[in-house]
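User: Please examine the structure shown below and answer some questions on its local features.

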Amino acid sequence: MSTTVRRAWRRVHRAYLHACARDDAAGRGVQVPSGVWVCERCEEALLELASFKEHLRVVHPV
């Protein structure tokens, strides 16, 4: 894939993840500012998706 297509795909994917997170938070009655990821198990707030995924991998392994 070309670089432009990859960047566009990443933007779409990121927007989808943000929308899902906001919908999930709204469904649980929690208000989460845009760009903040909150762990539902321990309620730790993280500012980056990569940090959030690392948190889930390290602190809450499956």
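Analyst: Arg-11 has its place in helix H1 (residues 3-27); helices (H or I, at least four residues) and strands (E, at least two) are DSSP runs, numbered from the N terminus. This is a predicted model, in which local features need pLDDT of at least 70, side-chain atom pairs count only at pLDDT 80 or more, and totals for chains, interfaces and linings use all residues. Residues are numbered from 1 along each chain as its sequence is written, and side-chain values use heavy atoms, with hydrogens and water left out.

User: Is Arg-11 buried or exposed, and what is its relative accessible area?

Analyst: Buried means under 20% relative accessible area, exposed over 50%, and partly exposed in between (1.4 Å probe, protein chains only). Arg-11 is therefore exposed, its relative accessible area being 54%.

User: Which aromatic pair does the structure hold, and what is the angle between the planes?

Analyst: Rings of Phe, Tyr and Trp (its six-membered ring) pair if their centres lie within 6.5 Å; planes under 30 degrees apart count as stacked, over 60 as edge-to-face and the rest as tilted. The structure holds one such pair. Trp-37 and Phe-52 form this stacked pair, at 5.8 Å centre to centre and with an angle between the planes of 25°.

User: How many residues apart in sequence are the parts that this pair ties together?

Analyst: Trp-37 is buried at 8% relative accessible area, and Phe-52 is buried at 15%. Trp-37 lies in strand E1 (residues 37-38) and Phe-52 in helix H2 (residues 49-59), so the pair ties together parts whose separation in sequence is 15 residues.

User: Which residue has a positive phi although it is not a glycine?

Analyst: The residue lies in the loop between E1 and strand E2 (45-46) and counts as exposed at 64% relative accessibility. Its phi is about 60°, and the residue is Glu-43.
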